[in-house]
Amino acid sequence: MTAPDSIVLDGLELLDVGIGFFDAEAKLVHCNQPYRELRRYPESLCQPGTTLEAMLRFNAERGDFGHGDPDAQVAERLAEITQAGEREVEREMADGQILRIRYRRTPSG
């Protein structure tokens, strides 16, 4: 990692909003601490290379998408995310916390 990359990543940690970056293959590149805390993800899940599918599966199995088949819930969420260039939703997590989530593609995809 170059010095400017390190400075940018350090700056992301100072934000009070959660940010997760995924590559074109929907694998996690980086997420800041507020992202992990707001989504209540374990640190072990928030490692570079973790697929968005794995993170959504964690949500489904925890009950964040309500009752239903986790496989179907994950497939539905992945389809919604990949079809929309930009999307904003409110999600109620299993513990009642409501998150406003925005999906947005970067110019590089």
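This is a predicted model: local features need pLDDT of at least 70, side-chain atom pairs count only at pLDDT 80 or more; totals for chains, interfaces and linings use all residues.
**View 1. Glu88 and Arg100 form a salt bridge.** At 44% relative accessibility, Glu88 falls between the two cut-offs, so this residue counts as partly exposed. Arg100 has a relative accessible area of 60%, so this residue counts as exposed. Their side chains meet at 3.4 Å, taken from N to O. Glu88 sits in strand S3, residues 86-92, and Arg100 sits in strand S4, residues 98-104. The two residues are 12 apart in sequence, so the pair ties together separate parts of the chain.

**View 2. Arg100 also pairs with Glu90.** In this salt bridge the N to O distance is 3.0 Å. Glu90 belongs to strand S3 and Arg100 to strand S4. Shared partners join the salt bridges of Glu88, Glu90, Arg100 and Arg102 into one network. Side chains of opposite charge can pair when their charged atoms come close.

**View 3. Glu25 and Lys27 make another salt bridge.** Here the N to O distance is 3.8 Å. Glu25 is exposed, at 58% relative accessible area. Lys27 is partly exposed, at 32%. A search of the whole structure finds 12 salt bridges.

**View 4. Helix H4 covers residues 70-83.** The helix has 14 residues. At 1.5 Å a residue, they should span 20 Å. The end C-alpha atoms are 20 Å apart, which agrees.

**View 5. Helix H4 has a buried side.** Which residues of H4 are buried? They are Gln73, Val74, Arg77 and Ile81. Seen down the helix axis, the buried residues fall within an arc of 95 degrees, so they line one face of H4. Helix H3 (52-62), S3 and S4 are among the elements that cover them. The face of H4 turned away from the buried side carries Thr82 and Gln83, which are exposed.

**View 6. The largest pocket holds about 1,100 Å³ of space.** How many residues line the largest pocket? The lining has 34 residues. Nearest the centre lie Gly20, Phe22, Arg102, Tyr103 and Arg104. Strand S1 (20-22), helix H2 (33-39), H3, H4 and S4 each give two or more residues to the lining. Which element gives the largest share? Strand S4 does, with six residues.

**View 7. Arg104 lies in strand S4.** Is this residue buried or exposed? Arg104 is exposed, with a relative accessible area of 52%. Arg104 is also one of the residues nearest the centre of the largest pocket. Setting aside neighbours within four places in sequence, Arg104 is in contact with Gly85 and Glu86. Leu56 is 48 residues away from Arg104 along the chain. The C-alpha atoms of Arg104 and Leu56 are separated by 17 Å.

Terms used:
Residues are numbered from 1 along each chain as its sequence is written. Side-chain values use heavy atoms; hydrogens and water are left out. A salt bridge is a side-chain nitrogen of Lys or Arg within 4 Å of a carboxyl oxygen of Asp or Glu. Buried means under 20% relative accessible area, exposed over 50%, partly exposed in between (1.4 Å probe, protein chains only). Helices (H or I, at least four residues) and strands (E, at least two) are DSSP runs, numbered from the N terminus. The expected span of a helix is 1.5 Å times one less than its number of residues. The arc is that of the directions from the helix axis to the C-beta atoms. Contact means heavy atoms within 4.5 Å. On a 1 Å grid over the protein atoms alone, a cavity is a set of points where a 1.4 Å probe fits but cannot get out, and a pocket is an open set with protein on both sides within 12 Å along at least five of seven lines; lining residues have an atom within 4 Å of a point. Grid points are joined across faces, edges and corners, and a volume is the space filled by probe spheres set on the points.
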